[in-house]
Amino acid sequence: MTQTDPPSSERSELSGRYTENDITVIVEIFRPLAGDDWRMEVTSLEDQVTEWNESFASAHEAWEEFIYVVNTEGLAVFL
């Protein structure tokens, strides 16, 4: 039997695949178990990773930032 390490972060239920205009990315919204601030990164299916330098007060705030970028710049900005 192998022992698994406990998770070091909490993943938001807002995380997951997002597709628009035949472009799909993976949105990860998470925070350290001992932390309050949420982090976000977006990964294209071609493994291009976009990380936000700032943190967010809530997972919902991070999601709203993602949607804002998609609506103003388009999903292709993550490719």
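A word on accessibility before I start: buried means under 20% relative accessible area, exposed means over 50%, and partly exposed is in between, with a 1.4 Å probe and protein chains only. This is a predicted model, so local features need pLDDT of at least 70 and side-chain atom pairs count only at pLDDT 80 or more, while totals for chains, interfaces and linings use all residues. Residues are numbered from 1 along each chain as its sequence is written, and side-chain values use heavy atoms, with hydrogens and water left out.

Charged pairs, then. The structure holds two salt bridges, a salt bridge being a side-chain nitrogen of Lys or Arg within 4 Å of a carboxyl oxygen of Asp or Glu. In one of them, Arg31 meets Glu10 at 2.9 Å, N to O. Arg31 is in strand β3 and Glu10 in strand β1, residues 9–11, so this pair ties together parts that are 21 residues apart in sequence. Strands here are DSSP runs of E, at least two residues, and helices are runs of H or I, at least four, numbered from the N terminus. Glu10 is partly exposed, because its relative accessible area is 32%. Arg31, at 22%, also counts as partly exposed.

Glu28 forms a salt bridge with Arg11, and the closest N and O atoms are 2.9 Å apart. Glu28 belongs to β3 and Arg11 to β1, so the pair links parts 17 residues apart in sequence. Glu28 is partly exposed at 21% relative accessibility.

Now the pairing of β3, residues 23–32, with β4. Two strands pair if DSSP finds at least two bridges between them; here six bridges join β3 to β4, and the strands run antiparallel. Phe30 stands opposite Arg39 in β4.

On to strand β5, residues 49–51: three bridges join β4 to β5, again antiparallel. Thr43 stands opposite Val49 in β5. This hairpin has four residues between the strands, and Asp47 in it takes a positive phi near 70 degrees.

Is Ser44 buried or exposed? Ser44 counts as buried, because its relative accessibility is 2%. What does Ser44 touch? Leaving out residues up to four places away in sequence, Ser44 touches Thr24, Val25, Phe78 and Leu79, where contact means heavy atoms within 4.5 Å.

That is the set.
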